[in-house]
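Welcome! Here is a short tour for anyone meeting this structure for the first time. Take a look at the sequence and the model, then read on.

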Amino acid sequence: MIAKAYALFKKDLHSELRTRYAINSLAMFIIVAISIIMFAVGQERVSEALTGGLFWVVIFFTAMSGLSRAFVSEEERGTSLTLQLVAAPSTVFTGKLVFNIILVFTMNTVITLLYAALFESFVIKNFNLFLLSFVFGNIGLAVSSTIIAAIIAKAGAKGTLYPVLSFPILLPLIISSVQLTLSALDGTSIADSKYELAIVISYDVIMLTASYLLFDFIWKD
Amino acid sequence: MKNKYMFGGFIIVVFLGIMIYLFTQSNIQYQDDFTKVMNTNKTVKATGTWVKEEGYDIDKENKQFIFYMKDENGNKMKVVYDGTMPNNFESASSVVVTGKYVNGYFHARDILTKCPSKYEGQEVQTSTM
């Protein structure tokens, strides 16, 4: 099963590197969103609290612009039926999930680097806390966006449906992650933000379990 | 096959419970003991009263409003707020400041004042006829 999932991941990676659809849309969105924020801010000094929020605004909408590709591309090319014949549902999901996790990590690393370079108030005072919230937040984002991508792939208005459906599901993750980013910028210790970290971790566990349980039904229609 | 759903459902319910519990814990908490406010580096809502004898200070250059607060046990704390003085500050019976204790003073980002009510209760007059 792992070998099959890996093969599926490699297939996705190759087709992505050939078309560069998701990478391009993510990169364009990051650049456009951050430039607009830069223009809007102007000479004003943005407070730490606001930077943490703006950071997650860019992450959320960037994720919404590119991550639905995982399943939408299969549907558009008409290859989803073949995929159903070849592999078990959980294998398909694992392959797509790994692909999306790598995409999310790349995307957020780029966003973090850009923020650190362009915003003077984005100075991470507690790097360990930031790293922890970054890793768990990214996993949660990847899992949720993958399962929602699978749900909307068969629907009509994919572009609008994706962020609308994702928002309520991602809300607990985003609230806690904004708080965690803020604490990391503030220099709050890990022990003081253990509740938020635990929320993000339990969110990851819930979404992973729910995704693997429900994917059979979503995939088989 | 049935077991898988039971097990998965169990995990989801347990972690959902943990998450909801933690959500109620992670909000900003009220603190009326200033020694605790000074020792934590968390954002808290400190409740106390304004020390009238010390007065207040308005720093026009940095746009800051500086005053002293004390809690029920008489612990005093310097409060610095980035902004102007609230209108009814002088008549307030108690003050709630949201912020964090850093570098020897409480850096407030929000002030709430509680005012004595204008509408005091009157004794009910009963007629004896």
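How many bridges join strand β2 (residues 44–50) of chain B to β4(B)? There are two, and these strands run antiparallel. Please keep in mind that this is a predicted model.

## Strand β4 and its neighbours in chain B

Let's stay with β4(B), which covers residues 64–70. One pair to look for is B:Ile58, whose bridge partner in β4(B) is B:Phe65. Four residues lie between β3(B) and β4(B) in their hairpin, where B:Lys63 has a positive phi near 55°.

## Two faces of one strand

In a regular strand, side chains alternate between the two faces of the sheet. You can follow this in β4(B): B:Phe65, B:Phe67 and B:Met69 make up the covered face. The uncovered face holds B:Gln64, B:Ile66, B:Tyr68 and B:Lys70.

## The helices of chain A

Chain A has nine helices and zero strands. Its C-alpha atoms fill a box of roughly 55 × 35 × 30 Å along the principal axes. For 221 residues, a compact globule would have a radius of gyration near 17 Å, so the 18 Å of chain A agrees with that.

Buried residues account for 41% of chain A. Among its contacts between residues at least 6 apart in sequence, 86% join residues at least 24 apart.

Helix α9 of chain A spans residues 194–220. α9(A) has 27 residues and reaches 39 Å from first C-alpha to last, close to the 39 Å expected. There is also a kink of about 45° in α9(A), centred on A:Leu214. Just after this helix, A:Asp221 has a positive phi of about 70°.

Where do the two chains meet? The contact takes 15 residues from chain A and 14 residues from chain B. On the chain A side, α9(A) gives the most, with 11 residues. That side divides into nine nonpolar, four polar and two charged residues.

Definitions and conventions:
Residues numbered from 1 in each chain as written. Chains lettered and ligands numbered in written order. Predicted model: local features only at pLDDT ≥ 70, side-chain atom pairs only at ≥ 80, totals over all residues. Contact = placed C-beta atoms within 7 Å. Nonpolar A, V, L, I, M, F, W, Y, C, P; charged D, E, K, R; others polar. Rg over C-alpha atoms; globule rule 2.2 N^0.38 Å. Buried ≥ 20, exposed ≤ 12 C-beta atoms within 10 Å, placed from the backbone. Expected span 1.5 Å × (residues − 1). Bend = angle between axes of the 7 residues up to and from the residue. Pairing = 2+ DSSP bridges.
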